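Reader: I am new to this structure and would like to learn how to read it. Could you show it to me and take me through a few residues?

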Amino acid sequence: MEVAFILEKLILVVIIFVITLVIAMYSTLAERKIAGFMQDRYGPDRAGIFGLLQPLCDGGKFFFKEEIIPAGAHKTLFVIGPVIAIITACISSAVIPWGQNLTIGDQVITLQVADVNIGVLYIFGVIALGVYGIMLGGWASNNKFSLMGAIRAASQSISYEIPMGLSLIALLMVTGNLSIGDIVANQSGFNWNIWVQPLGFLIFIVCAFAECNRVPFDLPECETELVGGYHTEYSSMKLGLYMFSEYINMFVSSALMAALYFGGYNFPFMYDLGLSENWITIIGTLVFFLKIFGFIFFFMWIRWTLPRFRYDQLMNLGWKMLIPLAIANIVLTGIITIVVDTYFK
Amino acid sequence: MESLSNRKKVIEQRPMNFWERIYLPAIARGLSITIKHFFKKIPTVKYPEQIRPYSKNFRGQHSLKRDELGRERCTACGLCALSCPAEAITMTSAERKKGEEELYREEKYASVYEINMLRCIFCGLCEEACPKEAIYLDGPHVTADYLRKDFIYGKDKLVEPKFDITKLAQ
């Protein structure tokens, strides 16, 4: 039992890890392709058909580039920075439920690595850790541009974690649960949380953009003012790891949004079609990934539409608009819950 | 007085109203614009596989022509060199010997004919100046190279290959 359990989880971890990396890899290609199409051009299409080998070429190039550590840099922290960034990006996918139970023979396999009963808190902890990679890297570079990027990353992530947490509190008031597995299971069929928490979702998605350092909140990178922001001094695969962690973060936060607000693996009429349980699980997982890809596309769509916020605008939006809005959302959710419970049940 | 172009616009400086301040309508409008471009036809020509046809009066590399018997038409009069605004053309003339009648059309011919492709501006004045219809800019693009000396094209590159007029007629 014990060995089988560990083996099952190990296989699941490896599969999810591989899927995450492959999706992050091809997100880089998708980003450039989408950028191309939105600007009336093709994007990379020379390596393989439709440029499908482009990510491999980019990765190979990263590996063969010269590794430069600046003389004034703090060597240990300089190396640890990208490592922390990529590790925190990868481990946050552990509590996301990828599907329902799969029954093979008399074995029941749960398509979730760890159904922690405080899954939401775990995610928050990991996201809060994620900024250390950027901060350490930027500070250890001993470069003013990098330091500016790191400072911005830190203040931005602190500012936007608050409204993100507050928007999730409203969600928890509705679901009454901290386990992501249970939150998703409660949205079966078409009872998605987006219908009861539209404002909360809006706040959450804005904060997710900010936490992923994506346009319009890409101030830590900010090519136009800060050269490369926190990764100005990075080269070779260390830069590659930073880039990669950004795309993994995007994938994980897309998965999180799909799970928390868009029903995860649930799809309409899932129990009315007369499918066997295994088939529902498989289709559900595919549907989940479809939702994730939709969100990833949305991330990129926004990137090629909006300009970057100015630093003071970013802070204004976070502190003066999103936090009051999130608190109002909590109050509103509470009132509506009480009214519905007392008069309509 | 009204300005000539009549394009002056007085911009009203007023504080943003509520809908403008929450950004969302503007963002939605921007998203709709980008997604329209996403499905638009792409005007890119994928060059090596797909070559756009040249215009009829495209001027490419020069070629020195032969007449219907395969003889070089050029008589080394130097009018092309004289007309050239970039001074790209030089030549040395020579007298036709006995027994060379099937090689050169006129009694005087160019023993050396060189065009410096780095100087040439492809204006086509040489083909206008030529009284013998011996030079035309009807070749392909002049390709890139590594050394400056390789851009001085001699007769080996300029004179068009011999062709059989009877086969050409078919």
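Author: Let us begin with A:S146, which belongs to helix α5 of chain A, a helix that covers residues 144-175; please keep in mind throughout that this is a predicted model.

Reader: Is A:S146 buried or exposed, and why?

Author: The general idea is that a residue is called buried if 20 or more other C-beta atoms lie within 10 Å of its own. A:S146 has 28 C-beta neighbours inside 10 Å, and therefore counts as buried.

Reader: Which residues does the UniProt annotation "binding site" cover?

Author: According to the unreviewed UniProt entry, that annotation covers B:C84, B:C120, B:C123 and B:C126. These residues are spread over 43 residues of sequence, yet they cluster in space, with a largest C-alpha distance of 10.5 Å.

Reader: Where is B:C120, and where is B:C126?

Author: In chain B, B:C120 sits in the loop that runs between β3 (108-116) and α4 (125-129), while B:C126 is found in helix α4. B:C120 counts as buried because it has 22 C-beta neighbours inside 10 Å, and B:C126 counts as buried because it has 24. Leaving aside neighbours within four places in sequence, B:C120 is in contact with B:A86, B:A88 and B:I115, whereas the contacts of B:C126 include B:C84 and B:I135.

Terms used
Residues numbered from 1 in each chain as written. Chains lettered and ligands numbered in written order. Predicted model: local features only at pLDDT ≥ 70, side-chain atom pairs only at ≥ 80, totals over all residues. UniProt positions renumbered as here; feature names shortened; annotations may be inferred. Helix = DSSP H or I, 4+ residues; strand = E, 2+ residues; numbered from the N terminus. Buried ≥ 20, exposed ≤ 12 C-beta atoms within 10 Å, placed from the backbone. Contact = placed C-beta atoms within 7 Å.
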